[in-house]
Amino acid sequence: SNAHRDEIDSIHRGVFVHLAVLCTNLPPPADNVPPVPAGGGKTNRQRVTAHTGPGTCGAACHGEVINPVGFAFEAYDALGRHRTTEGGETVDASGKLDLDSASFTWRDGVEFSKRVADTTEAHDCYTRGLLEYLHGRQPTDDDLNLVGRVSARSKDSSAPVKELVLELVTSDPFRFRTP
């Protein structure tokens, strides 16, 4: 997902992980942003960095937040097949990310995924998604204690999903909700 017919899309992969896995509040993209230039004998990472990295208008948001996460999946082509080289160069899927609960580095997508799975942000996001689905509404400020409690159980004890769901559907906000 988040690739073109024959080319990966690190930016949209990074945005997807931030929105769907970490529930990061990302600002909307600027109007009329030109697409990343194609090919030119450079790797995807080189082209994306030149387009949105240091010295560009996207340096802060892309260079430090979106791009590193997308680059974690550089070792997967547009169809999701593993690759070790791109255009004759060794793929670089390493990166660094600073979250509220952790700062970490990785060498590849597998290591990145394991590190993200240990973050408070990922568990909070997962819990908010469960609450939204089960309660049929967006979480409110009144739900923050419940989300925090269930998220902590998810992270600290690796509680089975069944137990997390039970806690959410036996909570007061679920049992006494208004139509």
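Reader: Which side chains meet in a salt bridge at 2.9 Å, N to O?

Author: A salt bridge is a side-chain nitrogen of Lys or Arg within 4 Å of a carboxyl oxygen of Asp or Glu. Here the side chains of Asp172 and Arg175 form one, at 2.9 Å from N to O. This is a predicted model, in which local features need pLDDT of at least 70 and side-chain atom pairs count only at pLDDT 80 or more, while totals for chains, interfaces and linings use all residues. Residues are numbered from 1 along each chain as its sequence is written, and side-chain values use heavy atoms, with hydrogens and water left out.

Reader: Where do Asp172 and Arg175 lie in helix H8?

Author: Helices are DSSP runs of H or I with at least four residues, numbered from the N terminus. Asp172 and Arg175 are three residues apart in helix H8 (residues 172-175), so about one helical turn separates them.

Reader: Is Asp172 buried, partly exposed or exposed?

Author: Buried means under 20% relative accessible area, exposed means over 50%, and partly exposed lies in between (1.4 Å probe, protein chains only). Asp172 has 46% relative accessibility and counts as partly exposed.

Reader: How many salt bridges does a search of the whole structure find?

Author: The search finds 12. Among them is the pair Arg81 and Asp77, at 2.7 Å from N to O; Asp77 is buried, at 14% relative accessible area. Another joins the side chains of Arg153 and Glu167, at 2.6 Å from N to O. That pair links distant parts of the chain, with Arg153 in helix H6 (residues 144-157) and Glu167 in helix H7 (residues 161-169), 14 residues apart. Arg153 is partly exposed at 28% relative accessibility, whereas Glu167 is buried at 16%.

Reader: Which residues are linked with Arg153 and Glu167 in a network of salt bridges?

Author: Arg149 and Glu163 belong to that network.

Reader: How do the axes of helices H2 and H3 cross?

Author: Axes are lines fitted to C-alpha atoms, for helices over the stretch in contact, and angles run from 0 to 180 degrees between N-to-C directions. The axes of H2 (residues 44-52) and H3 (residues 59-71) come within 10 Å and cross at roughly 165 degrees. H2 is therefore roughly antiparallel to H3, a label given to angles over 145 degrees.

Reader: Which residues of H2 and H3 meet?

Author: Contact means heavy atoms within 4.5 Å. On the H2 side these are Arg45, Val48, Thr49 and Thr52, and they meet Ala59, His62, Gly63, Asn67 and Phe71 in H3.

Methods. Helix = DSSP H or I, 4+ residues; strand = E, 2+ residues; numbered from the N terminus. Parallel < 35°, antiparallel > 145°, perpendicular 65-115°, else oblique.
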